[in-house]
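I opened a new model today and kept short notes. The entries follow in the order of my look-ups.

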Amino acid sequence: MARFRTWVGIALAGALSVSLAGCSSTGGKRAEDARKAASAEGRAAVNTPRWTFAMITHSGDGDTFWDIVQSGAEQAAVKDNINFLYSHDDEAQQQAQLVNAAIDKKVDGIIVTLAKPDAMKSALARAHKAGIPVITVNSGSEESKEFGALTHVGQDETIAGEAVGEELNERGREQAICVLHEQGNVGHEQRCDGVEKTFDGKVQRLYVNGTSMPDVQSAIEAKLQTDKSVDAVVTLGAPYAATAVKAKQGAGSKAEIDTFDLNAKVAAGLEDGTLGFAVDQQPYLQGYEAVDLLWLYRYNADVLGGGRPVLTGPQIITKDDAAALADYTKRGTR
């Protein structure tokens, strides 16, 4: 496999063995059936009590990125003899209610995202008061420690954005738009902040309605039609990359389409040249390690990170790397 350009060291302990025997995850009933089948075939590798861990994310319905996170978490849960509960809501207040519901169930550990941290603060304070250990994942690395979490698993969003800016420089780009599909998501703003910090050219932010792909396409297309100087479009999630490609074609633009996150379609786009590069934060690893770290804390009072996030990225993935990752993306583990 090609050696990927890694912008940060991944803080993983050697004692943590990451199994990649994940299942296919494409969203919907087929994905759910596949996950259940994989779990049924798995065997616990430990004889510790059957603790219950709850993961609550800010995912919307049908988001394949979170299918991958969930797949990793479920695989680790099988190995660690964990009863795993997953729930999600893209509305911050509803997500906080789901956290409170998990606390009411007296779960043994909570994994949560902090895309909109202010809405989650009181729920996490309640978890801390109840003595329930919490690990934050994916978003909220800056607030994680303040909110009482043991550690954070994910990528530093600002560093990831900086990596994008540097890559755009190497490609000779001069005018970029950073497409934000979820207003109020602090991680998305941090990504664009990072791009602006290192990119030698100009960055414009384009806010779109991420719940409607036709709206996303029309907004990007309109921008590319009115501003022919744009030579790079950076989307902040894999599902939006293909939509940006359609917008580029509709506008007759020559801008390069680049994206955060990786899935099978992105890997294919990198291979055929319709996409320039992708930033992979390894969502499977985020879910897997979050469960594993909670198990280690319950079993042995272990805490990784030393007060800093356990980083899973970013990695810049290009056409040269895509073929090596294709099988992993098809099975839903990258």
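Contact, in these notes, means heavy atoms within 4.5 Å. Ala77 lies in helix 2. Helices (H or I, at least four residues) and strands (E, at least two) are DSSP runs, numbered from the N terminus.

Ground rules next. This is a predicted model, where local features need pLDDT of at least 70, side-chain atom pairs count only at pLDDT 80 or more, and totals for chains, interfaces and linings use all residues. Residues are numbered from 1 along each chain as its sequence is written, and side-chain values use heavy atoms, with hydrogens and water left out.

**Confidence.** I checked pLDDT, the predictor's confidence in each residue, from 0 to 100. The chain average is 89, and 88% of the residues score at least 70. Residues 1-6 fall below 50, and this stretch has 20 contacts in the model beyond near neighbours in sequence. Residues 8-27 also stay under 50, with 57 contacts beyond four places in sequence.

**Back to Ala77.** Is Ala77 buried or exposed? I used these cut-offs: buried is under 20% relative accessible area, exposed is over 50%, and partly exposed is in between (1.4 Å probe, protein chains only). Ala77 has 3% relative accessibility and counts as buried.

Two strands pair if DSSP finds at least two bridges between them. I found 6 strands in an open sheet with parallel pairing, in the order 3-2-4-5-6-12. Strand 3 (83-88) and strand 12 (310-311) are at the edges with a single partner strand each, so one side of each has no neighbour in the sheet. Strand 2 (residues 52-57) runs parallel to strand 3, joined to it by 6 bridges. Ile56 stands opposite Ser87 in strand 3. Helix 2 (residues 64-79) lies across strand 2 and strand 3, at about 165° to strand 3. Axes here are lines fitted to C-alpha atoms, for helices over the stretch in contact, and angles run from 0 to 180 degrees between N-to-C directions.

**Disulfide.** I searched for cysteine sulfur atoms within 2.5 Å. How many disulfides does this rule give? The count is 1. Cys178 is joined to Cys192, S to S 2.1 Å. Cys178 lies in strand 7 (residues 175-180) and Cys192 in helix 7 (residues 186-198), so the pair ties together parts 14 residues apart in sequence. The S-S torsion of Cys178 and Cys192 is about -85°, so the disulfide is left-handed. Cys178 is buried at 1%, and Cys192 is buried at 0%.

**Strand 10.** In strand 10 (residues 256-260), 5 of the 5 residues are buried, so the strand is largely enclosed by the rest of the structure. Glu256, Asp258 and Phe260 point one way, Ile257 and Thr259 the other. Strand 9 (residues 232-235) pairs with strand 10 in the parallel sense over 4 bridges. Thr235 has Thr259 as its bridge partner. Strand 10 also pairs with strand 11 (residues 278-280), parallel, over 2 bridges. Phe260 has Val279 as its bridge partner there. The chain crosses from strand 10 through helix 10 (residues 264-272) to strand 11, a right-handed β-α-β crossover. Right-handed means that, with the strands pointing away from the viewer, the path from the first strand over the helix to the second runs clockwise. Strand 9, helix 9 (residues 238-251) and strand 10 also make a right-handed β-α-β unit.
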